[in-house]
Structure formats: structure tokens, C-alpha cells
Amino acid sequence: IFKSPYNFSEMVKRGYPMVWKPKDVRTGQLVPTPRGLMQTMIFVDQQGRLYIADYLMQEIDGQWRINGVQLLRTPDVGA
């Protein structure tokens, strides 16, 4: 789809800055699903907003690849 690593990185930089340059990132649960393993990642962007990404993983020729992702911004919560 992207035809080069540069094009892919530019898409991530522009569309997913919380993934490209997070303030913080943590690994969540790895859960088996009927569609494959789902790896949860937690990102905090440079403004302190929290995002949760669920990556659907697929093993291809002995290597794990991302087969899909759902990115959710958590609601801002105040005390």
C-alpha cells in the first residue's frame, strides 16, 4: 500500500503521533482471540492524553506481523 518504508513512516508521523513519538508507552495484555493474538499497548502523547491500541498479530513465515489495529483515545477524566 505504502510502496516504501519512508511513505509508511510519514503516514505514522502524521496520522499517529502518539505512536511515533510518545511521551510514555506501556505494554498491556496479550490475549488469544478467534482471529489471533491481540496485543494491547498504552500510549501517552506529548500533551498527556492516553490512548489504547489493540494490535491483532499474525505469524507469517515464523515472524509476527501486525494484521490490524484499533486505536482508542480514552475520555478525559477530571476529579
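Select Asp-45 first. With a relative accessibility of 5%, Asp-45 counts as buried, where buried means under 20% relative accessible area, exposed over 50%, and partly exposed in between (1.4 Å probe, protein chains only). Asp-45 sits in the loop between β2 (36-44) and β3 (50-60); helices (H or I, at least four residues) and strands (E, at least two) are DSSP runs, numbered from the N terminus.

The model is predicted: local features need pLDDT of at least 70, side-chain atom pairs count only at pLDDT 80 or more, and totals for chains, interfaces and linings use all residues. Residues are numbered from 1 along each chain as its sequence is written, and side-chain values use heavy atoms, with hydrogens and water left out.

What lies 2.9 Å from the backbone nitrogen of Gln-47? It is a polar atom of the Asp-45 side chain. The backbone nitrogen of Arg-49 is likewise 2.8 Å from a polar atom of the side chain of Asp-45. Next, display Met-18, Lys-23 and Tyr-51, which Asp-45 touches when residues up to four places away in sequence are not counted; contact means heavy atoms within 4.5 Å.

**The nonpolar core**

Now select Met-18, Met-41, Phe-43, Tyr-51, Ala-53, Tyr-55 and Met-57, the seven residues of the largest nonpolar core. Such a core is a set of buried Ala, Val, Leu, Ile, Met, Phe, Trp, Tyr and Cys residues joined through side-chain atoms within 4.5 Å. Which elements give two or more residues to this core? They are β2 and β3, and β3 gives the most, with four residues.

Within that selection, centre the view on Tyr-55. Leaving aside residues up to four places away in sequence, Tyr-55 touches Val-19, Leu-37, Met-38, Gln-39, Met-41, Phe-43, Ile-66, Gly-68 and Val-69.

Most residues other than glycine have a negative phi. Select Lys-3, in the segment before α1 (5-15): its phi is positive, near 70°, in a residue other than glycine. Lys-3 is exposed, with a relative accessible area of 82%. Then move to Asp-61 in the loop between β3 and β4 (63-73). Asp-61 is not a glycine, yet has a positive phi of about 50°, and is exposed, with a relative accessible area of 80%.

**The start of the chain**

Select Ile-1, which lies in the segment before α1. Is Ile-1 buried or exposed? At 95% relative accessibility, Ile-1 counts as exposed.

**The whole chain**

Two helices and four strands are present, arranged along the sequence as α-α-β-β-β-β. The C-alpha atoms fill a box of roughly 50 × 30 × 15 Å, taken along the principal axes. Of the 79 residues in the protein, buried residues make up 20%. Among contacts between residues at least 6 apart in sequence, 11% join residues at least 24 apart.

Key
A polar contact is a pair of N or O atoms within 3.5 Å; within protein, one must be able to donate a hydrogen and the other to accept it, and residues adjacent in sequence count only if both atoms are side-chain atoms.
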